[in-house]
Amino acid sequence: MADADFDEVRRLQQERNSLKKSKTFDPSTQRTDNSTKVALTDTFDTTLYDRTGVDKFAGYNTTVGGDDDEDMDMQDGDGTRRLVGQYTATKEMMNEFAQDDDFDPMAAHTKGNQIAERETDYQKRRFARKLSPTRKDGFAEDNGEGRSYKEVMQERELEREEERVRRRIEDKLKSGESMDDIQHEATLKAEDKEKDSSAEGTRKRVCEYLSLGVEELLTPLKKKRWDVAGDASTAATEEDDGAKKSRSSRWDVAGAPDATPVVKRSRWDQAPSLTAATPVGNQGLVTPIHPSSSAVPQMPLTFGLGDRNAALSDEELDEMLPKEGYVILQPPPGYAPIRQPARKLMQTPAPMASASGIGGFMMQEPENARQIGKQMPTDIPGVGDLQFFKAEDMQYFGKLVDGADENQMTVDELKERKIMRLLLKVKNGTPPMRKTALRQLTDNARQFGAGPLFNQILPLLMEKTLEDQERHLLVKVIDRILYKLDDLVRPYTHKILVVIEPLLIDQDYYARVEGREIISNLSKAAGLAHMISTMRPDIDHVDEYVRNTTARAFAVVASALGIPALLPFLRAVCRSKKSWQARHTGVKIVQQIPILMGCAILPHLKGLVECIGPNLEDEQAKVRTVTSLAIAALAEAAHPYGIESFDSILQPLWTGAKKQRGKGLAGFLKAVGYVIPLMDEEYANYYTGEVMGIVLREFQSPDEEMKKVVLKVVSQCAGTEGVTAAYLKEHVLPEFFKAFWIRRMALDKRNYRQVVETTVDLAQKVGCGEIVERIVDHLKDESEPYRKMTLESVEKVIASLGAADIGERLEERLVDGVLYAFQEQSIEDIVMLNGFGTVVNALGTRTKPYLPQIVSTILWRLNNKSSAVRQQSADLISRIAVVMKQCGEDALMGKLGIVLYEYLGEEYPEVLGSILGALRSIVTVVGINSMQPPIKDLLPRLTPILRNRHEKVQENTIDLVGRIADRGAEFVSAREWMRICFELLDMLKAHKKGIRRAANNTFGFIAKAIGPQDVLATLLNNLRVQERQSRVCTAVAIGIVAETCAPFTVLPALMNEYRVPELNVQNGVLKAMSFLFEYIGEMAKDYVYAITPLLEDALIDRDQVHRQTAASVVKHIALGVVGLGCEDAMMHLLNLIFPNIFETSPHVIDRIIEAIDAIRMAIGPGLVMNYVWAGLFHPARKVRTPYWRLYNNAYVQSADALVPYYPNLDEERLVRHELYIVV
Amino acid sequence: MADKLRATQQLEQLQARYVGTGHADTTKYEWISNLHRDTLASYIGHPQMLEYMAVGTGEPMAKLRTKFVERMIQPVGKPPEKED
């Protein structure tokens, strides 16, 4: 590169710098301040204030006006002077409400937390599920209350029938056929006469729902039902039926004079059911209603939610009504206020448009203290202060504030309230409250009983406004009480599943794990048989959502109870003749099992494959597809074993792949793609050849899913042993590049990733050169995403295969392309940087001819206006520095160094960090001695940068300074190093651990370079500062200095410092010693006796922390001198430490015990245990406890060594005779 | 409170892993039984020790080993009667 270029760049640089107008920066020398004197008027904190030169008083009024005093004359006054000053609020206060106050700063925050807010429509379908009634426990003695398996199955069948009819009607309506004269045969036959009333109810619901012109469909059913009633009525109904049949519309009904007008109301007349979406209150059924929700009468929404319509309180009534001459009557015994179901009260639902739940025009209402008080109970009796209390919580926990007298309640009511209180504490309480409440719930779970507990917890979990944290806590409650309840949980299994299953498809990984954990615990508690009987009815549920989640839950059950246990059931389900939904779900379970368990399925692989094998040829396309996906999942989990298990399905799989088209084919191809890698070479080769025909054909498919699958298949086939490079080159590559290396693919993120991945996989087989050759020209394409995709592929290919395969001509094109792509990027992207770095590093010395060009690109970009460009080019320097050195371009690097050095005035911290990083990498490869600019210039420039607060800058500077201190300390004067020492002290406060560590190490290097005395003095002074972290780090630094400069240079000063009568300093000294002895290890043996008096003093200090720190010093000394003959000193220290075992503060006692353990290592267990035996069976528990702790530690760490030292037991049968054998 | 809870949990874990560890409510009988078991295990675990004892008692090592293993069941006799 020509020197002219450099000069040009430097000139531009200087222009830029001089534009910055900073007087403290002298562009000619690049030093911030060249005078050693300090101006007294200067501000020192340059990060906050500018230095001199700029007028300090700019922006202030410098003169006091004589005649323009606004206070004196009032424009709007009446010209007369007032005697009393007028005081009013400030402008800001008056204008405060004038602005738009719709903006709620917390809105975004509160919304984001709710789980329902971020759920997809599919996930929201969980709200459509209801908590089902309690089931019977088939294993219990008395069988209990609740519905049996049979009843549930019947209900499911009805639901399916309902769905079938509805769909039928929809189809008919769609096709425009008249419904009149078609008689449909119901699939449900008359034999289920004995069906319970709930079945009846469902049937009625069907009728209501279908309302218009559909009665006919169900009349046969109805007639049969009435048949049972009796002869007399039969005739009548028969007639009636005849009449019904003849009429064509319901309008006739009203016309008939004598018929009791049982007018079927159209569904438009009814308010929509409120209950479908909410868990509570499935009216008329045995469904549990949350105990508190019935107690709080609900206000119909139409009345408005405002305070105007709130119920009058007793106090208000007292105020309104006359007091004299009237008596307040007690309600008669047995009176209960009528509670209308909310559905009846509500005539037309208010539109739920606005956030407040009310749409349309609303009068602004003044805030009312009464209402606020109602909304936010500050303190729930018996619960204490909560973290928060939401409006929705009132629905569940309202009972707690109703102020009822607890003395008159039954035990059950009391229990219910107790649970409620505990749950509220868990859900809304502070962490310590939560902890105790959770513990109480767990411990008393069996006393509370499963029913009362779950009836309260589960509705809470179905609440729509639930937040992550609340859900987590409630799920935790369930988890804990499951353990305790064990088989009592059985009747509630299904309810729990309804609530927990949605967790299995949550986006949040931890929610999924939590869900799995609960279900697996549940299945362990309830047992396999009960789990199957509970979940069986959901397997062919009408709702796909229910089936999907049930399948996932079943897979969890399988992983909890073992696949073999579940396999017979799965086999039966997969072969179900009754419904394809059951088969579909069965296969889906098998698909989920390997996804969940991975290679743990291997022992049962054959069983699983055989179970779903026949479904490959199912008559339902959906079942076939899911089966192929299940096989793909099994094969993926089994890789690279288990091909023999797939033998039986290979044939159908293969024919399927050949026969299918469209979506079905995608699944089959995927399965084939996953099975091929399991095969041995020969077969794999054959099948690849066969399948490739289909895959190549499908390259053209416009379907995104298919694209993904074929790409996956290609990369899998390419990875198999038997497939040769020649085959791929000849048959696959041309088609592949034609179909997928087009600009459009780079636009979609998912396609992009897939294509890159597949290309890299192909390259593994066909070699780097082949692939790069084909795509290198795209580096100069006009589409930027496409260039990016190309460079990423090139980077990955070269990173894994190296550049040896790349010829001379290709190399030229490659570097050219990379340079072009790098220069043309409009958004600075890490992909480009990585690609450039990788290519250059892979080419190594072959880069030499291109280096001048690369460097000049970098230089120009370093001078760019945009900070991102400058940062990126600095980063690039750090990546290619090694290669530049290899190419022998030292001169070029020197120039780069100088340019970078001149950029140290950079104002963007991110860029400055990168520039420092680049400098560091140059220093590293060039070496300290030949560094340009020379170290003696560079380092003083770095000292002020050490003060920069930005983490990236700090990290890079300290790294660079540390390196210089390590290798080239002699280039810089001791004074400069001391200055750096002072700056480094601040670094000890850094948040990032890496920075603190680097700073500590640098202390060590500097101490080594200039001798420990001065550094140590600085550090010892720093022990007096207030900040704990700073003191700790100083202590560490002292330890490091002692390690690098030998302990005898440090210890005397340290021990002297201990004489300072200040606790912080003494503690700091002890802390430093603790680190010191930890670092020097065995060297400690020479200092033990010197240090003992100091430790004696420290160990009998009154301050706990002091003794604690001393104990940790003892620990490190003791561990250092094991077996080095310092037993007497250790024994002495043990005597001083031992009384401390009754300390209770956790940190103190931990350190004490550690010290004793360490001494036990040094002097052997026998001596230490002599102290311990005395207390093991002391009458006082307080004494026994710490002694047992010591014993346990000794036992765990050296049980065998204790044997000879156990005390002699006097009683005859307790003596260990063998020990007395003497030969 | 939290620390206490953690301490108990840790102790429970420790006890689950090492039978011989104890706590403030360990009885003398339990402790001495474990002590003897550990001693016997130690004899068996050090072949030289076993050999020494075999020489001393005049019994073959294998027999001695079996004897020791069997004695581990109730090394110091039956547990004391519970008194309520």
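Trainee: In this model, is the crossing of α24(A) and α26(A) left-handed or right-handed?
Mentor: The model is a predicted one, and in it the axes of helix α24 (residues 580-597) of chain A and α26(A) come within 8 Å and cross at roughly 15°. Because angles under 35 degrees count as roughly parallel, α24(A) is roughly parallel to α26(A). As for its hand, the crossing of these two helices, α24(A) and α26(A), is left-handed.

Trainee: How do the residues of the contact of α24(A) with α26(A) divide into nonpolar, polar and charged?
Mentor: On the side of α24(A) the contact includes A:Trp580, A:Arg583, A:Val587 and A:Ile595, and on the side of α26(A) it includes A:Lys622, A:Val626, A:Leu629 and A:Leu634. Taken by class, the residues of the contact of α24(A) with α26(A) come to 12 nonpolar, 3 polar and 3 charged.

Trainee: With which residues is A:Ile1159 in contact, leaving aside its neighbours within four places in sequence?
Mentor: Once its neighbours within four places in sequence are left aside, A:Ile1159 is in contact with A:Ala1118, A:Met1130, A:Leu1133, A:Leu1134 and A:Val1168.

Trainee: Is α50(A) roughly parallel or roughly antiparallel to α52(A)?
Mentor: Helix α50 (residues 1088-1099) of chain A and helix α52 (residues 1127-1137) of chain A pack with their axes 10 Å apart, at an angle of about 5°. The contact includes A:Tyr1089 and A:Leu1095 of α50(A) together with A:His1132 and A:Leu1133 of α52(A), and by class it has 8 nonpolar, 2 polar and 1 charged residues. Since angles under 35 degrees count as roughly parallel, the relation of α50(A) to α52(A) is roughly parallel.

Trainee: Why are α14(A) and α17(A) oblique to each other, and what is the angle at which they cross?
Mentor: A:Lys415, A:Glu416, A:Ile419, A:Met420 and A:Leu423 in α14(A) meet A:Pro452, A:Leu453, A:Gln456, A:Ile457 and A:Leu460 in α17(A), and these residues divide into 7 nonpolar, 1 polar and 2 charged. The crossing in which α14(A) passes α17(A) is right-handed. Angles under 35 degrees count as roughly parallel and 65 to 115 as roughly perpendicular, so α14(A) and α17(A) are oblique to each other. The axes of α14(A) and α17(A) come within 10 Å, and the angle is roughly 40°.

Trainee: Is A:Thr957 buried or exposed?
Mentor: A:Thr957 has its place in helix α43 (residues 951-967) of chain A, and, its neighbours within four places in sequence left aside, A:Thr957 is in contact with A:Leu916, A:Leu942, A:Ile945 and A:Leu946. The C-alpha atoms of A:Thr957 and A:Leu919, which are 38 residues apart along the chain, are separated by 9.6 Å. A residue is buried if 20 or more other C-beta atoms lie within 10 Å of its own, and because A:Thr957 has 29 C-beta neighbours inside 10 Å, it counts as buried.

Trainee: What percentage of the residues in chain B is buried?
Mentor: The secondary structure of chain B comes to 4 helices and 0 strands, while that of chain A comes to 55 helices and 0 strands. Of the 1223 residues of chain A, 35% count as buried. For the 84 residues in chain B, the buried share is 14%.

Trainee: Which helix of chain A supplies the largest share of the side that touches chain B?
Mentor: In the contact between the chains, 22 residues of chain A meet 24 residues of chain B. The side of chain A that touches chain B divides into 13 nonpolar, 2 polar and 7 charged residues. The largest share of that side, 10 residues, comes from helix α55 (residues 1181-1202) of chain A.

Note on methods:
Residues are numbered from 1 along each chain as its sequence is written. Chains are lettered from A and ligands numbered from 1 in the order in which they are written. This is a predicted model: local features need pLDDT of at least 70, side-chain atom pairs count only at pLDDT 80 or more; totals for chains, interfaces and linings use all residues. Axes are lines fitted to C-alpha atoms, for helices over the stretch in contact, and angles run from 0 to 180 degrees between N-to-C directions. Angles under 35 degrees count as roughly parallel, over 145 as roughly antiparallel, 65 to 115 as roughly perpendicular and the rest as oblique. A crossing is left-handed if the near helix is turned anticlockwise from the far one by less than a right angle, and right-handed if clockwise. Two residues are in contact if their C-beta atoms, placed from the backbone, lie within 7 Å. Ala, Val, Leu, Ile, Met, Phe, Trp, Tyr, Cys and Pro count as nonpolar, Asp, Glu, Lys and Arg as charged, and the others, Gly among them, as polar. A residue is buried if 20 or more other C-beta atoms lie within 10 Å of its own, exposed if 12 or fewer, and partly exposed in between; C-beta atoms are placed from the backbone.
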